[in-house]
Amino acid sequence: MSDINKQADLPQTPHAIYLKDYQAPAYWVDQVEMEFVLAAETTQVTTVLHIQRNDAVANAKTPLVLNGDQLSLVSLALDGQPLASTAYQVDAESLTIPNVPAKFILQTVVEIHPAQNTALEGLYASSRMLCTQCEAQGFRRITYFPDRPDVMSRFRVKLSADKQTYPVLLCNGNPVAQGDLDNGRHYVVWEDPSLKPSYLFALVAGDLKYIEDEFVTLSGRRVQLRLYTEAENIHKCDHAMASLKQAMAWDEQTYGREYDLDIYMIVAVNDFNMGAMENKGLNIFNASCVLASPETATDDDFYSIQSIIGHEYFHNWSGNRVTCRDWFQLSLKEGFTVFRDQEFSSDLNSRAVKRIDDVNVLRTHQFAEDSGPMAHPVRPDHYIEISNFYTVTVYNKGAEVVRMLRNLLGADGFRKGTDLYFQRHDGQAVTCDDFVKAMEDANAVNLHQFKNWYSQAGTPELNVRGEYDAGRKTYTLHIDQRTPVTPGQAEKQPFQIPVAVGLLDARGQDMPLHLSGQTGSGETGLVLDVHAPSQQFVFTDVPQAPVASVLRGFSAPVKVTMPRSEEELAFLLAHDSDAFNRWDAGQQLALQELQRQIKAHQANEPLPEPVALTEALRKAMTDIRIDKMLLSQILTLPSESYLADQMDVVDVDAIYHARLFTRRYLAQQLYPQFVGLYEQNSADKPYVFNSAEMARRALKSVCLSYLTETERTDEFERCYTQFRTANNMTDQQAALASLSQHATPLRLQALTEFYERWHSDAQVVDKWLGIQARSRLPETLDNVKALMQHPAFTLKNPNKVRALIGSFCRANPVRFHASDGSGYAFLTENVLALDKLNPQIAARLVQAIIRWQRFDEKRQALMQASLQQILETAGLSRDTYEVVARGLNKTQ
């Protein structure tokens with residue numbers, strides 16, 4: 001009856017939604033019956049909603065308002081009677097019926113156009129299939145509905161389509177009927193017995209193949225497992241299936257959680273805005289996060305797939321059966337589930353290295369977010385577009401908040417809390433406060449102050465000072481905390497912070513700890529409860545001056561400032577029993593060296609040689625007891641992004657030259673050690689994905705990257721030989737990535753050969769694009785622009801955009817932040833093009849320049865001009881508007 005696909009109808013200045021304004025739904029939807037007549041060009045959706053008024057907040061005069069976006073309304077009926085056009089209003093965002101009874105049935109028929117849906121929200125076409133993405137607000141692009149997570153309904157869905165084009169028709173729940181129709185069409189009816197919000201609705205139609213397995217739960221139920229993909233990729237599914245069974249077993253053993261449906265399905269799609277989606281019983285995955293074979297996927301890919309498969313499965317309880325009341329509570333499901341998948345990966349692989357990986361994400365990305373214009377609490381208090389808050393703060397910092405609860409309560413206390421949480425709230429939409437309340441009630445503790453982690457933005461900073469009294473044999477830790485000002489939060493309350501500590505004697509052994517005022521003694525590690533602006537912790541019976549190991553295991557997401565000499569850092573690197581702090585001591589030692597070199601470069605002075613770091617690494621490289629994966633992390637210098645965050649004014653060029661100088665110095669001084677380790681860890685044997693082999697290949701790759709820094713012809717030849725002879729993608733990609741950083745003829749030769757071999761594999765081609773975009777060579781931007789015209793690239797595919805444009809703008813600081821502004825102009829052009837196609841991807845990309853105030857005046861002006869140009873563009877999406885406006889401090 002009306003086509004509301006009108007971007008111009010949206011308000012010129014989008015308005016924010018606030019947590020304080022939350023109200024329960026005026027109407028509940030108990031049951032949903034849907035029928036899809038599927039086709040790529042036009043799909044017809046008939047929806048029957050069984051609705052009743054929520055008398056707690058609504059009355060007979062309360063209108064029914066349903067969300068709708070990009071829908072063409074064909075018909076509308078209430079209790080079987082068609083509604084006249086005067087009985088309702090339709091605009092660009094909603095359908096409103098002013099007068100409705102307390103209980104009624106509403107039927108809508110709409111048409112949608114999947115093939116035209118480049119935003120990849122709602123129902124859209126990907127390759128030769130149709131699929132959905134409904135989180136956070138995509139269901140409103142499918143039908144009119146109160147599209148919010150606290151409206152939970154039972155769904156019955158009939159799918160019909162051309163049988164030859166779409167022989168497989170999938171939806172949430174269990175299949176209850178199927179058959180053939182006229183004109184070569186067929187149908188399948190799916191029924192989901194679980195209550196679920198609309199964001200968990202999923203549908204897939206396509207010509208798909210599958211592998212199948214089963215899992216027997218602890219109670220003896222048999223669950224059918226299927227993993228669907230296009231025929232050419234069916235051989236890449238085994239690892240994902242094995243990971244799924246590992247995740248199901250782990251969740252039973254660790255949390256006592258069984259799966260509840262008869263079937264669990266995963267579908268791989270090529271076009272997807274996110275990594276994966278936990279739709280009840282029907283997970284939809286970005287193909288890059290589920291497909292793997294040794295020839296086409298690296299160790300990192302295998303590792304990531306294992307983690308993401310686990311993450312989406314764990315959502316069955318932490319997100320699906322217990323979901324979030326509103327989108328401000330997003331971390332309730334995401335932070336908790338990230339913590340669960342981190343622990344899953346830690347139990348299956350190296351716990352120490354997993355912790356290092358997770359902390360690197362926090363320090364490089366989340367700490368940066370906390371100090372920029374997009375800073376927000378783990379539970380945001382307002383947003384314009386919720387898709388902008390699927391962030392490292394909500395996910396990764398949210399996971400750290402859950403981890404701190406575990407650190408404070410202990411493993412047993414935390415398990416009691418989660419058991420109570422699931423028992424109390426199964427089938428409900430709840431809040432972060434409900435989660436903390438379950439922890440309080442299960443352990444008889446008061447966590448009122450701890451909840452500041454949910455409401456306050458910013459990264460707390462701890463100033464730590466140690467003081468030894470030889471006469472009294474006491475060691476005192478003085479800990480002060482402060483949190484910098486963030487947008488909208490000038491005043492900060494103290495956080496409750498668990499700080500894990502240990503004390504080392506002169507031999508590097510952990511000392512028994514006796515904390516004054518605390519019963520029990522003799523443990524070699526304690527968790528200090530830091531909750532005041534300034535506190536002192538006194539350890540007694542300390543026979544000698546110790547070396548303190550502070551924030552072991554990175555027990556809280558904070559920054560620690562503690563005066564350390566090079567000798568003390570080298571001592572911790574060599575001896576600390578906490579693997580994370582051992583690595584971190586090496587990072588801090590490298591940071592001290594690099595900061596001296598940055599200052600020398602800025603003063604046009606010769607760069608000082610990093611002698612202390614070199615000797616500390618030499619010692620680590622000859623330690624036969626050290627874990628190889630840990631050593632590979634120790635040998636990796638702090639990233640350029642991390643170094644930038646340690647500066648008041650970011651000097652891109654000084655950081656680049658200091659880091660490159662250090663890498664080349666280490667390569668020269670430790671050349672025999674790098675050669676020895678490379679050769680010791682080179683083995684011609686079939687690929688196996690396990691912790692030991694991953695560690696061997698990781699150490700080998702790090703050594704190779706240093707060897708090529710010597711610029712020796714024989715080392716380039718060594719690298720090219722590995723590229724040509726590798727029997728797995730891990731080794732081949734490592735060699736290609738190393739060559740790509742150097743102006744050697746072998747670089748172009750290897751890139752050409754790589755593409756010729758793998759041009760038909762989309763995931764491998766993405767690696768090829770990303771490697772070139774991250775090259776430090778001066779001509780990289782020109783190469784990236786040329787690659788945008790390559791047949792392998794399209795702006796409509798998020799994976800291609802992330803691989804090429806995203807890698808250049810977010811992972812190549814020295815070239816992106818070129819002083820002439822060419823990188824910013826490139827970003828601006830592509831953000832504006834993407835905003836018309838896929839606003840979510842555009843909004844994420846533009847965040848590369850919203851921290852412009854951290855840079856020198858010239859770069860500040862260039863980035864501001866780019867942001868202003870974007871902001872003044874007509875028809876800008878809410879997604880991009882919110883990020884740019886916050887970057888320019890022009891939000892409400």
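Reply: A residue counts as buried when its relative accessible area is under 20%, as exposed when that area is over 50%, and as partly exposed in between. The model discussed here is predicted.

The residue to start with is T476, which lies in strand 27, covering residues 474–482. The relative accessibility of T476 is 10%, and therefore T476 counts as buried. With residues up to four places away in sequence left out, T476 touches R465, G466 and E467, and also Q536, F537 and V538.

In soluble globular proteins, nonpolar side chains tend to be buried together. Here the largest nonpolar core holds 280 residues, and the residues with the most contacts inside it are M34, F36, L38, F201 and F539. Helix 5, residues 392–425, gives the most to this core, contributing 12 residues. A separate core of 6 residues lies apart from it, and its members include Y303, M694, A695 and A698.

F201 shows what such a core residue touches. Leaving aside neighbours within four places in sequence, the contacts of F201 include M34 and F36, both of which are also among the residues with the most contacts in the largest core. F201 is also in contact with T132, C134, F139, I142, F155, V157, C171, N172, K196 and N279.

G184 sits in the loop between strand 15 (174–180) and strand 16 (185–197). Its relative accessibility is 44%, so G184 counts as partly exposed. Not counting residues up to four places away in sequence, G184 touches A161, D162, K163 and Q164. N604 belongs to another loop, the one between helix 9 (579–602) and helix 10 (611–621). N604 is exposed because its relative accessible area is 73%. From C-alpha to C-alpha, G184 and N604 are 76 Å apart in space, and in sequence they are 420 residues apart.

Some backbone angles in the loops need a note. Most residues other than glycine have a negative phi, and most peptide bonds are trans. N604 is not a glycine, yet its phi is positive, near 55°. E711, again not a glycine, has a positive phi of about 65°. E711 lies in the loop between helix 15 (691–708) and helix 16 (713–725), and with a relative accessible area of 38% it is partly exposed. Between E135 and A136 the peptide bond is cis, with omega about 5°. A136 is placed in the loop between strand 12 (129–133) and strand 13 (152–162).

The whole protein is the last step. The protein has 26 helices and 32 strands. Buried residues, T476 among them, make up 61% of its 892 residues. A compact globule of 892 residues would have a radius of gyration near 29 Å, and the protein has 28 Å, so the two agree. The C-alpha trace spans about 90 × 65 × 60 Å along its principal axes. Of the contacts with a separation of 6 or more, 71% are between residues 24 or more positions apart.

As for the surface, the protein exposes about 34000 Å², and carbon and sulfur atoms supply 48% of that area. There are 86 positive and 110 negative side chains, and the centres of the two sets lie 1 Å apart.

Terms used:
Residues numbered from 1 in each chain as written. Predicted model: local features only at pLDDT ≥ 70, side-chain atom pairs only at ≥ 80, totals over all residues. Heavy atoms only, no water. Helix = DSSP H or I, 4+ residues; strand = E, 2+ residues; numbered from the N terminus. Buried < 20%, exposed > 50% of the residue type's maximum accessible area, 1.4 Å probe, protein only. Contact = heavy atoms within 4.5 Å. Core = buried A, V, L, I, M, F, W, Y, C linked by side-chain atoms within 4.5 Å. Rg over C-alpha atoms; globule rule 2.2 N^0.38 Å. Areas by Shrake-Rupley, 256 points an atom, 1.4 Å probe, with all protein chains shown as cover. Lys, Arg positive; Asp, Glu negative; His and termini not counted. Charge placed at Lys NZ, Arg CZ, Asp CG, Glu CD.
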